[in-house]
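Student: Could we walk through a structure together, one question at a time?
Tutor: Gladly, let's have it on the screen.

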Amino acid sequence: MIEARHLRVLRAVARTGSFSAAARDLGCTQPAVSQQMKALENSAGTPLLVRGSREMRLTEAGEALVRHAAGILAGLTAAEEEVAAIAGLRAGRVRLASFPSGSSTLVPGAVAAMRAQYPGTKISLEEAEPPRSVDMLRAGDCDITLAFRYVDLPTPAEESWDDLVVRPLLTDRLVGVVPDGHRLADRGGPAEIADLADEEWIAGCPRCRRHLVEVCERAGFTPRIDFATDDYPAVVGLVAAGLGVAVLPELALESVRHKGVAVIEVRPRVEREVVALTLPDLAQVPAVDMMLGRLARAALR
């Protein structure tokens with residue numbers, strides 16, 4: 001019989017590439033990892049790993065088992081959490097993943113409300129941008145992920161959410177950020193993004209950078225990107241220093257000081273859809289369902 005604890009060890013070994021790295025990741029010893037892998041191979045009746053002098057790789061059977069492990073562990077977690085909640089043993093556990101501006105605006109209020117009503121709930125947070133955060137969810141490394149996608153671009157097949165439970169949270173508009181005293185700062189109305197064609201630009205994360213280039217190219221120019229950072233305070237600081245202009249989501253600007261910059265409306269209007277995602281099995285877990293509700297309320301602020 002294959003045990004869940006052995007599957008978790010196999011996934012850690014596959015993810016890290018070695019017994020020693022898996023042991024560090026799992027907080028146990030290397031011999032313990034080795035023993036559990038031997039037990040799993042005995043249960044499976046076939047080798048799952050090929051151990052070389054320099055590297056370790058999965059056999060075909062190992063790859064198949066890792067592929068199924070995420071769904072198996074998610075279903076088991078759902079069963080454990082629901083039974084525990086029904087039995088009154090504990091309120092549950094929720095592991096969140098979120099992009100930075102969601103972490104600073106939506107997550108704090110939602111987590112505070114959750115802990116106030118259900119103090120026994122264990123909640124953790126890891127920051128990750130989509131699509132990596134969505135991959136974490138499918139791999140079983142989190143229970144809920146906050147993600148976004150731009151509504152003006154087609155969704156690539158590999159970034160589809162069709163297999164997930166999608167809880168819409170809000171629509172986040174992108175706005176221009178220019179230095180105080182900029183020629184567009186006191187315009188009093190929307191500015192065309194083409195009006196910024198000759199400016200130096202400061203871009204965000206790789207996904208946001210690609211989107212910026214596509215928006216600008218549709219307006220007839222390619223932005224000259226001199227600086228790139230996914231740290232929003234750094235973007236605002238660079239703009240305030242007169243080193244360029246930027247386009248940022250309004251959500252990102254909520255937790256950043258605006259000293260030295262002006263925020264302007266830009267045309268064409270560009271928005272991103274912000275959602276909370278989870279797996280169908282996990283959506284039935286009381287703690288996960290309650291956390292989804294708190295995130296939805298936090299988005300109504």
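**Salt bridges and a buried leucine**

Tutor: In this predicted model, arginine 132 and glutamate 126 join their side chains in a salt bridge, at 3.4 Å from N to O.

Student: Is arginine 132 buried, partly exposed or exposed?
Tutor: Buried means under 20% relative accessible area and exposed means over 50%. Arginine 132 has 45% relative accessibility, so the residue counts as partly exposed.

Student: How far apart are the N and O atoms in the salt bridge of arginine 15 and aspartate 25?
Tutor: A salt bridge needs a side-chain nitrogen of Lys or Arg within 4 Å of a carboxyl oxygen of Asp or Glu. The side chains of arginine 15 and aspartate 25 meet that way, with an N to O distance of 2.4 Å.

Student: Which helices hold arginine 15 and aspartate 25?
Tutor: The two residues are ten apart in sequence, so their pair ties together separate parts. Arginine 15 sits in residues 4-16 and aspartate 25 in residues 19-26, which are helices H1 and H2.

Student: Is leucine 248 buried or exposed?
Tutor: Leucine 248 belongs to strand S10, residues 246-249. Its relative accessible area is 4%. The cut-off for buried is under 20%, so leucine 248 is buried.

Student: Which residues are linked in a network of salt bridges?
Tutor: By the salt-bridge rule, the count comes to 16. One network of these links has four members to look up in the viewer: Arg173, Glu250, Glu265 and Arg267.

Terms used:
Residues numbered from 1 in each chain as written. Predicted model: local features only at pLDDT ≥ 70, side-chain atom pairs only at ≥ 80, totals over all residues. Heavy atoms only, no water. Helix = DSSP H or I, 4+ residues; strand = E, 2+ residues; numbered from the N terminus. Buried < 20%, exposed > 50% of the residue type's maximum accessible area, 1.4 Å probe, protein only.
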